[in-house]
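Thank you all for coming. I would like to walk through one model this morning, going from single residues to the sites they belong to, and I will give the cut-offs as we go.

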Amino acid sequence: MKRIGVLALQGAVREHMRSIEACKAEAVAVKRPKDLEGLDALILPGGESTAIRRSIDRCGLLEPLREFAETGKPLFGTCAGLILLAGAVVGYEEPHLGVMDVVVARNSFGRQVDSFEAALSIKGMAGAFEAVFIRAPHIVRAGPSVEVLCEHEGKIVMARSGQFLGCSFHPELTDDHRIMEYFLNMVPPAAEALLPNDSIYSKV
Ligand SMILES: NC(=O)CC[C@H](N)C(=O)O
């Protein structure tokens with residue numbers, strides 16, 4: 001079973017854990033550096049990026065999270081989580097983790113509309129995805145390694161760059177688990193699963 005961590009400092013943590021479990025994977029709440037051990041992938045949930053960042057610093061998680069990214073394991077940032085992953089944030093001198101080759105802007109969809117729903121057309125996905133946006137950011141600029149997976153109102157709201165997946169909205173707030181399944185498919189199968197059944201290695 002794949003072990004998927006959810007950074008559990010603030011924000012939509014339980015909803016992500018429920019979605020992971022609905023996809024038959026194990027969900028692990030990450031609050032301390034040692035919780036990162038043995039994970040196959042990690043989700044940075046939505047919430048408030050400045051508040052999450054403060055907790056990351058308080059818990060001594062900034063470097064451990066960067067080291068986790070350096071292992072090449074998949075990371076998925078939703079909304080504030082995307083802001084945490086981004087290489088740069090418009091109006092800020094320093095990024096947070098700064099690991100994904102995108103520039104993001106915060107609160108991109110107007111002041112009046114704090115939250116809204118939209119039927120999105122996502123690359124490679126049949127049928128619309130009903131997405132919930134809450135004071136959502138968007139990707140202003142994407143590096144050459146980035147595959148744009150969805151745009152809304154001409155703004156990039158979902159993208160992948162190798163091990164990194166990011167979206168502006170909250171897929172965990174709906175019962176549609178297709179984006180979670182997409183993310184879980186970014187986790188390579190366990191080494192033993194690749195061995196043929198009669199392999200001598202499967203007996204040790
Ligand atoms: N729903 C969210 O995660 C909102 C993100 C928030 N506006 C931020 O800038 O961090």
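Let me start with a question: does Ser 49 count as buried or exposed, and why? Ser 49 counts as buried because 26 C-beta neighbours lie inside 10 Å, where a residue is called buried if 20 or more other C-beta atoms lie within 10 Å of its own, exposed if 12 or fewer, and partly exposed in between, with C-beta atoms placed from the backbone.

Before going further, a word on what we are looking at. This is a predicted model, in which local features need pLDDT of at least 70 and side-chain atom pairs count only at pLDDT 80 or more, while totals for chains, interfaces and linings use all residues. Residues are numbered from 1 along each chain as its sequence is written.

Ser 49 is found in helix 2, and here helices (H or I, at least four residues) and strands (E, at least two) are DSSP runs, numbered from the N terminus. The buried residues of helix 2, which covers residues 49–58, are Ser 49, Ile 52 and Ile 56. They lie on the same side of helix 2 because they cover an arc of only 65 degrees around the axis, the arc being that of the directions from the helix axis to the C-beta atoms. As a general point, an α-helix has 3.6 residues a turn, so residues three or four places apart point the same way. On the other side of helix 2, Thr 50, Asp 57 and Arg 58 are exposed. The buried residues of helix 2 pack against helix 3 (62–70) and helix 4 (80–85), and Ser 49 itself touches Ala 80, Ile 83, Leu 84 and His 96, not counting residues up to four places away in sequence; contact here requires C-beta atoms, placed from the backbone, within 7 Å. After helix 2 comes Gly 60, with a positive phi near 65 degrees.

Now to the sites. In an unreviewed entry, UniProt places the feature "binding site" at Gly 47, Glu 48, Ser 49, Arg 106, Ile 134 and Arg 135. These residues span 89 residues in sequence, yet no two of their C-alpha atoms are more than 12.7 Å apart, so they gather at one spot.

Arg 106 is found in the loop between strand 6 (100–105) and strand 7 (115–120), and it counts as partly exposed, with 19 C-beta neighbours inside 10 Å. Leaving aside neighbours within four places in sequence, Arg 106 is in contact with Ile 83, Val 89 and Pro 137. Asn 107, in the loop between strand 6 and strand 7, has a positive phi of about 45 degrees although it is not a glycine, and with 11 C-beta neighbours inside 10 Å it counts as exposed.

Which residues are around the ligand? Among them are Gly 46, Ser 49, Cys 79, Arg 106, Asn 107 and Pro 137, the criterion being a C-beta atom, placed from the backbone, within 6 Å. The shell divides into five nonpolar, four polar and three charged residues, where Ala, Val, Leu, Ile, Met, Phe, Trp, Tyr, Cys and Pro count as nonpolar, Asp, Glu, Lys and Arg as charged, and the others, Gly among them, as polar.

The unreviewed UniProt entry places the feature "active site" at Cys 79, His 170 and Glu 172. They span 94 residues in sequence, yet no two of their C-alpha atoms are more than 11.0 Å apart, so they too gather at one spot. Cys 79 is found in the loop between strand 4 and helix 4 and counts as buried, with 30 C-beta neighbours inside 10 Å. His 170, in the loop between strand 12 (164–167) and helix 5 (178–184), is buried with 23 other C-beta atoms within 10 Å. Apart from neighbours within four places in sequence, His 170 is in contact with residues including Ala 12, Gly 46, Cys 79 and Ile 134, and Cys 79 touches, among others, Gly 46, Ile 134 and His 170.

How values were computed:
Contact = placed C-beta atoms within 7 Å. UniProt positions renumbered as here; feature names shortened; annotations may be inferred.
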